[in-house]
Amino acid sequence: MEIIMSILAGILFTIGIYNLLQKQLLRIVIGTALISHGAHLFILTMGKLKRGAPPILEYGISEYSDPLPQALILTSIVISFGVTSLLLVLAYRASKENNTDNMDQLRGNENE
Amino acid sequence: MLFAVFIPLLIACFIPYLSKFKDKIHTGIFVLFVPLAIFIYFLQFIGNNFAPFSHNYSWIPSLNISLDFYLDGLSLLFVLLISGIGTLVTLYSIFYLHKSERLGHFYVYLLMFMTAMLGVVLSDNVFVLYSFWELTSISSFLLIGYWHYRERSRYGALKSMLITVFGGLSMLGGFVLLTIITGSTSIQVMISQTDVILHSPYLPLIMALILLGAFTKSAQFPFHIWLPDAMEAPTPVSAYLHSATMVKAGIYLVARFSPIFTTYEWFFIIVSGIGIVTLVWGSYMAVRQTDLKGILAFSTISQLGMIMTMLGFGTKAAAFAAVFHILNHATFKGSLFMVAGIIDHETGSRDIRKLGGLMTFMPISATLALFGTFSMAGVPLPFLNGFYSKEMFFETSLHLNDATLLIAEIMRTGIPYLAVFGSIFTFVYSMYLFFGTFTGKNHIDELPKKPHEAPLGMLISPALLIIGVIIIGLIPNIVNESLLAHAAQAISGEEVHQHIAFWHGFKAPLFMSLIVVIVGSILYVLRNKWKNTYLLIPGKLSLNKAYNAILDGSEKYSRKITNSYMNGSIRRYIALIIVAILIVTFTTMFTTNGFTIKMDDLAEVTAAEILIAIVMVVAALGTVFARNNVAAILILGVVGYGLAVLFVFYRAPDLALTQLVVETITVALFLLCFYHLPNLRPRTESVKTKLVNATIAIGFGALMTMVAISAHSSKWFTTISDYFVENSHDLGGGDNIVNVILVDFRGIDTLFEIVVLGIAALAIYGMTKLRDDKGVE
């Protein structure tokens, strides 16, 4: 299962990067969101999948799944949410100010 | 000793205050006593039984860098030149520079230079020597660009700076290598370890690097091009820096390291070879110049080449002749520069084509110039010191050490002829300099000023130098045993006793001198006939053109290179970053056999998860092909919810919860923003770009997959999570382990994650509220 999950994470990375390489602002934001998903899946796979109970202590259970990657992912989810929302608003304002959402037209040209 | 070196720098700190009264009293008068005091202090060391001694002061003990000052004959000769000519130049500049000039600046730079130069010749520690060496480059740069409102001054200053600093940095490289090989930073210790250095595999590199420093500083071919352009400096500066002191720093360096390298034959080949080429080229080009200072600049280049040639010979007699000529050249060249400055000052022109017949107007200057130029030409008269050293030069060029290499053998036979050839041209330009300026018919109407004799104060310094020329000419042995013998001993490493005499009898050097005088006179008289030889080398092959081409070319190509990859396109940058990651990681993983797959210890595969995975992949692919905003958001949401479902499968309740909530909010946000944004257009990229993008993306995805599988397959350590499981209840007081980790075991992460969210919120608020309502210009 871990192999399949690794491949899935790889596919999410691939599509995220592909979106990142586009010209439209929004596709770039979509790309970052996909890369975040891939990264979370990646971290989860690094722990063992499906070993033991959910990490909530109960009497009589000795085997739990690894809580540490889960804590890390939880932190990461929140941070990537903050970054994504910031990027979104930034994209929105940038395209409103410059009347374009095409990255090719949003270049700085002062040194060319 | 420390005081003697640093006192000019100390006085320089007070110059700005003293230059406030420059209307009442010329700032130079205050400065005059500094080099004079140093000169008098060092005069006391002259004597037949002088022994080297050193003073050490701690500076950076951890790096073995200390202010070691070592005074031997060679240093003493240079110190006396620097302080003596420094005194005369300061005196001269008092009359040369008008009070309306920025005197404070001038004397601060000059004193800074004096300290730097004293430091160069007295330092025994290579790194201290290097520091002073660069300080001479900097102060020389400031002095050349003294009239910074002239474009030519700035050009000359920059040129000298670039070339000398380039050499200085290579020299530092050589010093570092020497320090590593010998384990010491002291020059004297290095000289005592000559065998170690000579057997080191780095020997050619060390010598090349150090010689680069010496050649650039001493204006040897092909690095001589900065010196003629440095003539834009005020004349006192040219007289001081570019004839007597700074350009001899390279000579000093070669002389100082001579004891190490003389037995190495390539030292002779390179130093004497470059020296003789410089001698011939400089004297040949000097005849072509029309500017007095231009002639003197090329003359300096050729004379430095002559000294360099002698240092390369490596015989005792040559060492003696070299130090003798260092002294002689400083005397007559300094005075000639000062005379050129006087002519410029009193007639307003330095163009030799406009000058002529000044003898009647400026009799004293003419007399001084007569002695100076004849001494430079090496005319065989007993009261001209230039003749003595030139004679010695011929003498030593005939008695070279035996050569083993073929090229050295060829040079042995060729050098005397080249020496005579260069000296002939030296004779020609010396005659041209004197007769072209002071005899012939005058062009008074064309000159900016009516020429008349210079003020007496201006004449003191050149007169003193010419008196030096004559005294050394008449009684050459007064400087012999007391000063020159010690200096030559420092170069050759053994005692040198050489008697200087005017008359050697009818031997080869005398005939060489006579040939020089006869052929030189003929060439001078017929100089208009052979002017066309200068057209043999076309102007576009000149070294200045090459320098400018290198400078412009490097600027142009670096701009081209930068513009080629810094094109402002974010896609290009991301692609570059990803490709770099791919190259580095893949090579690392392949060279260390990092990619491994272990199929044991895997969780079992269930259909539900496969299904979710397929849905996620399809949805992710959908984002690439979506045209409609809302559709794009929804399918991105599908990926997020799919991930949440996976979290459920993998026993992560908190994660699933958070992921659901966050994904919902994100989708809502996206909808808010996308509603106002233009629709997702179909991409208009070429197939090629799409292919490149896809290749990069697939490469990265494959890399991450392989890394994930390999990391999972090679577990080297047991997990630390057991600790959390065991202690969550007892230490953390909670049963939800993930939450205990977040707020107890690893609470700081959470604190700053909260900060991140807060900052994002504030930034979003700012971006939506703060608008430039005045409109974008």
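Reply:

**Cavities and their surroundings**

The count comes to six cavities of 30 Å³ or more. A cavity here is a set of points, on a 1 Å grid over the protein atoms alone, where a 1.4 Å probe fits but cannot get out. Grid points are joined across faces, edges and corners, and a volume is the space filled by probe spheres set on the points. The largest cavity has a volume of about 120 Å³. Its lining consists of 13 residues, where a lining residue has an atom within 4 Å of a point. Nearest the centre of the largest cavity lie A:H37, A:S80, B:V662, B:E663 and B:T666. Two or more lining residues come from each of helix 2 (25–46) and helix 3 of chain A and helix 27 (653–676) of chain B. Helices are DSSP runs of H or I with at least four residues, numbered from the N terminus.

This is a predicted model, in which local features need pLDDT of at least 70 and side-chain atom pairs count only at pLDDT 80 or more, while totals for chains, interfaces and linings use all residues. Residues are numbered from 1 along each chain as its sequence is written, chains are lettered from A and ligands numbered from 1 in the order in which they are written, and side-chain values use heavy atoms, with hydrogens and water left out.

The predictor's confidence in each residue is given as pLDDT, from 0 to 100. For chain A the mean pLDDT is 85, and 94% of its residues reach 70 or more.

On the chain B side, B:R651 is in the loop between helix 26 (629–649) and helix 27. Phi of B:R651 is near 60 degrees, a positive value in a residue other than glycine. B:R651 counts as partly exposed because its relative accessibility is 28%; the class runs between buried, under 20% relative accessible area, and exposed, over 50% (1.4 Å probe, protein chains only).

Another loop of chain B, between helix 10 and helix 11, holds B:A219. B:A219 has a positive phi of about 55 degrees although it is not a glycine, and B:A219 is buried, with a relative accessible area of 0%. The loop between helix 10 (203–217) and helix 11 (226–229) also contains B:P222, and the peptide bond from B:F221 to B:P222 is cis, with omega near -5 degrees.

Key: On a 1 Å grid over the protein atoms alone, a cavity is a set of points where a 1.4 Å probe fits but cannot get out, and a pocket is an open set with protein on both sides within 12 Å along at least five of seven lines; lining residues have an atom within 4 Å of a point.
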